Amino acid sequence: MHRFQTTAVHAGRDDFDTLCVHAPPLDLSTTYPIADLAVGSASFDALVGGGATAANPIYARLRNPTVARAEAAIAALEGTEACVAYASGMAAMTAVLLARAQHGRHVLVVRPLYGTSDHLLASGLCGLEAEFVQASEIAIRRRADTTLVVIETPANPTLQLVDIRAVVAAAGDVPVLVDSTFATPVLQRPAELGATYVLHSATKFLGGHGDVIAGVICCGEAHAAPLRTVRAATGALLHPLAAYLLHRGLPTLKLRVEAAQANAQVLAQRLQQHPAVARVFYPGLAGAHGAHLLGPQMRGPGCLLAFELHGGHAAAAAAMAAVKVMTPAVSLGSVDTLIQHPAGLTHRMVDDAVRVATGITPGLLRLSVGIEDVEDLWDDLAQALAAWG
């Protein structure tokens, strides 16, 4: 068993010697010739039924070898039997909900989480009843028809850490989905803590360069098969070019996360001392929500932080407009630093009262720290905050 960085470089390349290639091949075929009808029919049945492989890929909606290599690499990094890739993180979330709907209609959800995930669950678009609870309430709110427990840790955008082991214990035999996008497998591997599904918006750190949209679910093979069936039926497949870019980003994942995390630690500490800042949300700060889970659950505080400005919405808007090195934009996990306003952007679809109750205030800004020189980032942030004052 190789260590993480070696796995990140070499995973998903098992067939390279046979193919006599060094870089991942990009297969853009939409369909595959069927020389033997019996083999083709058997392959079709296997893939539509959720199988990971077949003698013939048949059609790109059912299987693509470039996508399969990226899936194998990510599964190796998460330590799971399988990974199923989708066209986006939200497509991945939707696939789990549709697959679990066959086993019950009640979902327990711990807030806060990504705004569109919150909206999808609260809206009932997938035909499920979402009940939003505290992590401590899961055991008493579980019902006979509870089919899934959903958490995000670190939480978006306020960076609270949720105890995965405790949630799994409270859920009993109900599968737990952990959105681990903020942590990445560099810092956290939820499957090792008992989670059934590990979700990543692979658009973020896994891709890492702001040029690919993708989502993945890492899980055991028994749970992966229904997810592939959903993908085949709904068509929410990952394009092979996106899979190629995603796979290309994985060898530098650990290097990027560690560099960005070091920058985030410096910025969080300095922001705590800034007179314009009312509060900083970062797991690495003393007294942070769930900070006791650093070490036992999460191997580092991560690359995301949020901070609330005394001046509220006006101050937040002014700071976003004033940055020159940082990019005012949604998303996260890229090599460059992104700053955004959750209440006005990523969590805009969440009910106003819920936003306030979960700490998503008008003055809150979320920072996805990149790998630039930290002094340049601080200079940019300091001048942007001074511009308001």
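1. R228 has a relative accessibility of 8% and therefore counts as buried, where buried means under 20% relative accessible area, exposed means over 50%, and partly exposed lies in between (1.4 Å probe, protein chains only). R228 forms a salt bridge with E221, and the closest N and O atoms of the pair are 2.8 Å apart; a salt bridge is here a side-chain nitrogen of Lys or Arg within 4 Å of a carboxyl oxygen of Asp or Glu. E221, for its part, is partly exposed, with a relative accessible area of 30%.

2. A word on the basis of this note: the model is predicted, so that local features need pLDDT of at least 70 and side-chain atom pairs count only at pLDDT 80 or more, while totals for chains, interfaces and linings use all residues. Residues are numbered from 1 along each chain as its sequence is written, and side-chain values use heavy atoms, with hydrogens and water left out.

3. The structure holds 13 salt bridges. Among them is the one between R111 and D118, whose closest N and O atoms are 2.7 Å apart; R111 is partly exposed at 23% relative accessibility, whereas D118 is buried at 4%. E192 and R189 also meet through their side chains in a salt bridge of 2.5 Å, N to O, and R189 is buried with a relative accessible area of 15%.

4. Seven strands form an open sheet with mixed pairing, in the order β1-β7-β6-β5-β4-β2-β3. Helices (H or I, at least four residues) and strands (E, at least two) are DSSP runs numbered from the N terminus, and two strands pair if DSSP finds at least two bridges between them. The edge strands, each pairing on one side only, are β1 (82-86) and β3 (129-133).

5. β1 pairs with strand β7 (residues 215-219) in the antiparallel sense over five bridges, and the bridge partner of C83 in β7 is C218. Helix α4 (residues 65-78) packs on the sheet and touches β1, β6 (197-200) and β7, contact meaning heavy atoms within 4.5 Å. The direction of α4 makes about 130° with that of β1, axes being lines fitted to C-alpha atoms, for helices over the stretch in contact, with angles from 0 to 180 degrees between N-to-C directions.

6. H347 is found in the loop between β11 (338-340) and α14 (352-357), and at 1% relative accessibility H347 counts as buried. Not counting residues up to four places away in sequence, the residues that H347 touches include L113, Y114, N156 and R355. A polar atom of the H347 side chain lies 3.1 Å from the backbone oxygen of N156.

Technical notes
A polar contact is a pair of N or O atoms within 3.5 Å; within protein, one must be able to donate a hydrogen and the other to accept it, and residues adjacent in sequence count only if both atoms are side-chain atoms.
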